[in-house]
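Please examine the sequence and the structure shown here.

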Amino acid sequence: TQSERETINYHVEATIKMLEAMPWPRHLRNVPEYACAHHERVDGKGYPRGLRREDMSLQARIMGIADIFEAITARDRPYKSGMKLSEALRVLRDLRDNGHIDPDLYDVFITGRVYLKYGQQFLDPAQVDVTA
């Protein structure tokens, strides 16, 4: 329901409140913005602020991709199994094509084989079904 969706989405607002209340040292003062924008979309249809690509920092756009990738490959969620790399890469490609994630950062993620390095280090070997 809409009420349930609002409850789920509230974690971003709670994160903003907590992080903005902390006394960050100067070199970390942007941490709240980076962390709180992980559900924004480059097309402006995300939440909580509906930011577009040009309104988001590079770090926030990186967090968006990292958050999605970790969420769909995580094997420690009680409600689902972690996706294999091939499936996760298909999902990210679709999100890129639909204006959800930054296309340039997606390209860096793919050409730098970040997915493979992460998979080899953190995923179950059965999930690592892509080698390049």
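The side chains of R61 and D102 form a salt bridge, with N and O 2.5 Å apart; the term stands for a side-chain nitrogen of Lys or Arg within 4 Å of a carboxyl oxygen of Asp or Glu. Helices here are DSSP runs of H or I with at least four residues, numbered from the N terminus. Both R61 and D102 are buried; buried means under 20% relative accessible area, exposed means over 50%, and partly exposed lies in between (1.4 Å probe, protein chains only).

This is a predicted model, in which local features need pLDDT of at least 70 and side-chain atom pairs count only at pLDDT 80 or more, whereas totals for chains, interfaces and linings use all residues. Residues are numbered from 1 along each chain as its sequence is written, and side-chain values use heavy atoms, with hydrogens and water left out.

D102 also forms a salt bridge with R53, where the closest N and O atoms are 2.6 Å apart. This pair links distant parts of the chain, 49 residues apart, since R53 lies in the loop between helix 2 (31-36) and helix 3. R53 is partly exposed, with a relative accessible area of 31%, while D102 has a relative accessible area of 1%. Together, R53, R61, D102 and D104 are linked in a network of salt bridges.

The model has 10 salt bridges by this rule. Another one of them joins R90 and D94, at 3.9 Å from N to O. R90 and D94 are four residues apart in helix 4, which means that about one helical turn separates them. Their relative accessible areas are 39% for R90 and 32% for D94.

What happens at the start of helix 5? There, a side-chain oxygen of D102 reaches to within 2.8 Å of the backbone nitrogen of D104. Within helix 5 (residues 103-111), L105, Y106 and F109 are buried. These residues lie on the same side of helix 5 because they cover an arc of only 105° around the axis, the arc being that of the directions from the helix axis to the C-beta atoms. The buried residues of helix 5 pack against helix 3 (58-73), helix 4 (85-97) and helix 6 (114-122), where contact means heavy atoms within 4.5 Å. Just after helix 5, R113 takes a positive phi of about 50°.

Key
Helices (H or I, at least four residues) and strands (E, at least two) are DSSP runs, numbered from the N terminus. A polar contact is a pair of N or O atoms within 3.5 Å; within protein, one must be able to donate a hydrogen and the other to accept it, and residues adjacent in sequence count only if both atoms are side-chain atoms.
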